Amino acid sequence: MDPRPPSPIAPRAARPRARDLGIVIGPTPTGPLNAITDVPGVRVGHTTVRRPPDLHSGVTAVVPGHVGPHSPLPAGVFTGNGYGKLIGTTQLAELGTLETPILLTSTLSAFRVADALVGWMLRRPGCEEVLSLNPVVGECNDGFLSDIRARPVREEHVHAALDGATDGPVAEGCVGAGTGTVALGYKAGIGTASRTTESAGRSFTAGVLVQANFGGTLRVLGRTLAAGHADDGTGGPVPAADTGSCMIVVATDAPLDSRQLTRVARRAVFALARTGAAYSHGSGDYAIAFGTAPGTGARVADAELGPLFEAVLDCVEEAVLNSLLAATTTTGFGGRTVPALPPELLSRSPRTVARHPHCGRGEPGGD
């Protein structure tokens, strides 16, 4: 094995997002960046670890404000299928609070990433006396395109993603934790989207970030599209259409408690069905939802959550498409190649989701 350590690589040039192709999902307006960073206080950082042809991996950090063990945020988690290693799940579900940033990475690097996150947190101001900490780290298996056994994501990569997190535009596609992921037969990666919505006369923002690595058959606004064709370079097996995983992070400034945020997280996983997800035996499908609103103030009533639910459904669908469109054809470990999604394939699909103007619900249009 090459003894040289892998180094962070800058993301590749941007490709069109779904809206650049005229694909508009749902009637709710986006935030200024159409990204999870439209939620006030939320920052995102990536470290891409790439050494072609064998290593295509990395880490992505979602950093909400000054979250910590003494300043936790309300949060909920939902497991669509638990074939995964979502570190920190049980305490998050039990207490309904998030006390660290959320990190995403490769399956076998998750444990090193969790340890690096603990070290980073213990050095933060106010954590000098902390004796217990619940790091939250999700993962997807990038072993088709990357030498996953090398576990290339190291402490310095984790710290770079955390320290470099910003509240500006979010890099998508083959970057950070999405560098080596594959979804719906095409090269995928990181994707994001946001919506601004109103509930009970108040305006709120919801934002989503996905690490897309799941199986199924791609659907765009209800229409099934042609599958991609991965090549392992030897004529051998390629990822089955019914395997893979997806990590979803949802942020909102709506004042919700942990129970309500768990309901939001459920909708995020449900939304994968719109994109053609198979929800297979081997798929780890998780969503974590957290709120950034101050602890004081009136909560949104359950009966008023409908617009926020719909906004999250639309965000996840669009974020998955953005993850595919931003990614580029990648040749990786063992000569395996996964193609990018051709934008022209989407340009032949319907351009909008039909919804009755007086109805709070809607379904994707058909062929």
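Which unit do β13, α4 and β14 make? In this predicted model, where residues are numbered from 1 along each chain as its sequence is written, local features need pLDDT of at least 70, side-chain atom pairs count only at pLDDT 80 or more, and totals for chains, interfaces and linings use all residues. Side-chain values use heavy atoms, with hydrogens and water left out.

β13, α4 and β14 make a right-handed β-α-β unit; right-handed here says that, with the strands pointing away from the viewer, the path from the first strand over the helix to the second runs clockwise. Helices (H or I, at least four residues) and strands (E, at least two) are DSSP runs, numbered from the N terminus.

With strand β10 (residues 202–213), β13 pairs in the antiparallel sense over 8 bridges, and Gln211 stands opposite Met247. With strand β14 (residues 284–291), the pairing is parallel over 7 bridges, and Val250 stands opposite Ala289.

Residues in contact (heavy atoms within 4.5 Å) include Arg263 and Phe270 from α4, and Leu308 and Val316 from α5. By class, this contact of α4 with α5 has 8 nonpolar, no polar and 2 charged residues (Ala, Val, Leu, Ile, Met, Phe, Trp, Tyr, Cys and Pro count as nonpolar, Asp, Glu, Lys and Arg as charged, and the others, Gly among them, as polar).

How values were computed. Two strands pair if DSSP finds at least two bridges between them.
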